[in-house]
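Subject: Structure handover

Hello,

Here is the structure I said I would pass on. My notes on it follow below.

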Amino acid sequence: MVAVVAMAKNRVIGDGSGLIWHLPADLKRVRALTMGCPLIMGRRTWDSIGRALPGRASVVMTRDSGWAAEGALRAADLDHALALSRDWIAATDGARDEIILFGGGEIYAAGLPLCARVEATVIEISPDGGPNAATFPPLEAAEWDREILEEMPAEGDVPAYRYERFTRIAPVTV
Ligand SMILES: NC(=O)c1ccc[n+]([C@@H]2O[C@H](COP(=O)([O-])OP(=O)(O)OC[C@H]3O[C@@H](n4cnc5c(N)ncnc54)[C@H](OP(=O)(O)O)[C@@H]3O)[C@@H](O)[C@H]2O)c1
């Protein structure tokens, strides 16, 4: 499983109902990283997106057994989400053999131990995020190899940001 995340340098990823920044280039990158894959996300992240993303499965974790939304596969827990993701990959022509941990904060915390890689966009801001701020869990330096793939300087209203890849040193098997 691969976590895909955009986070501020203080690890804030959103205010609980949406993102706090607008980085069009990053949205394109996320599309490329996730196309053809199942996305495991929390119900609040699903609500913030509001629809299924094309070319991918939206596997939505919720404890509400009555929850349903068009285009979403409901998962009762992480094991169920992984099983639905594997089934979708097996049943879908052109699917990639990769499960994406798509957030938000609660789902990153639950699934990170099963991730072999993290594709992170790190934005050079430190927003407060408000009372419902969601964050990405810390990555222990001893457990991950860190590569900086690309660095973008600040330009106009867009803050500086960079793409980082973290690869787990001792691989996990999902
Ligand atoms: N920057 C990024 O890359 C990025 C990516 C994704 C999201 N976000 C942001 O993150 C924020 C949302 O994160 P969040 O932490 O507030 O919420 P979240 O992780 O998206 O969703 C939390 C919900 O997931 C369900 N859930 C959590 N753990 C579960 C479990 N073990 N089993 C079954 N269901 C479980 C519960 O849904 P029920 O309440 O329905 O039971 C819970 O309320 C938003 O601001 C969003 O924009 C940012």
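Contact, in these notes, means heavy atoms within 4.5 Å. The model is predicted.

Core

By that cut-off, and leaving out residues up to four places away in sequence, Val5 touches Ile13, Tyr108, Val118, Glu119, Ala120, Thr121 and Phe136. Val5 is also one of the residues that touch the most other members of the largest nonpolar core, together with Ile40, Leu101, Val118 and Phe136. That core holds 29 residues. Two or more of its residues come from each of strand 1 (2-8), strand 4, helix 3 (78-91), helix 4 (105-111) and strand 7 (117-123). Helix 3 gives the largest share, five residues. There is a second, separate core of 14 residues, and Val2, Val30, Trp46 and Ile100 are among them.

Arg56

Which partner does this residue have, if any of opposite charge is to be found? Arg56 sits in the loop that runs between helix 2 (43-49) and strand 4 (57-61). Arg56 is buried and has no salt bridge. Asp26, the nearest side chain of opposite charge, is 11 Å away, whereas a salt bridge would need a nitrogen-to-oxygen distance within 4 Å. What the side chain of Arg56 does have is a polar contact of 3.0 Å with the side chain of Thr34. Beyond four places in sequence, Arg56 touches Arg31, Thr34, Met35, Gly36, Cys37, Leu39 and Trp88.

Ligand

The ligand is surrounded by 29 residues, of which Ala6, Arg43, Thr45, Thr62 and Arg63 are the closest. Backbone atoms also come up against ligand oxygen atoms. For Gly18, a backbone N or O atom is 2.9 Å from a ligand oxygen. The corresponding distance is 3.3 Å for a polar backbone atom of Ser17 and 3.4 Å for a backbone N or O atom of Asp15.

Salt bridges

The structure holds twelve salt bridges.

Arg44 pairs with Glu106 in a salt bridge, the closest N and O atoms being 2.7 Å apart. Because Arg44 is in helix 2 and Glu106 in helix 4, this pair ties together parts that are 62 residues apart in sequence. Arg44 is partly exposed at 46% relative accessibility, and Glu106 is partly exposed at 48%.

Glu164 and Arg146 meet through their side chains in a salt bridge of 2.8 Å, N to O. Glu164 belongs to strand 10 (residues 161-168) and Arg146 to strand 9 (residues 144-152), so parts 18 residues apart in sequence are tied together. Is each partner buried or partly exposed? Glu164 is buried, with a relative accessible area of 2%, while Arg146 is partly exposed at 49% relative accessibility.

Finally, a network of salt bridges links Arg29, Arg96, Glu98, Arg117, Glu119 and Arg165.

Regards

Notes. Residues numbered from 1 in each chain as written. Predicted model: local features only at pLDDT ≥ 70, side-chain atom pairs only at ≥ 80, totals over all residues. Heavy atoms only, no water. Helix = DSSP H or I, 4+ residues; strand = E, 2+ residues; numbered from the N terminus. Buried < 20%, exposed > 50% of the residue type's maximum accessible area, 1.4 Å probe, protein only. Lys, Arg positive; Asp, Glu negative; His and termini not counted. Polar contact = N/O pair within 3.5 Å; in protein donor to acceptor, adjacent residues only side chain to side chain. Core = buried A, V, L, I, M, F, W, Y, C linked by side-chain atoms within 4.5 Å. Near = heavy atom within 4 Å.
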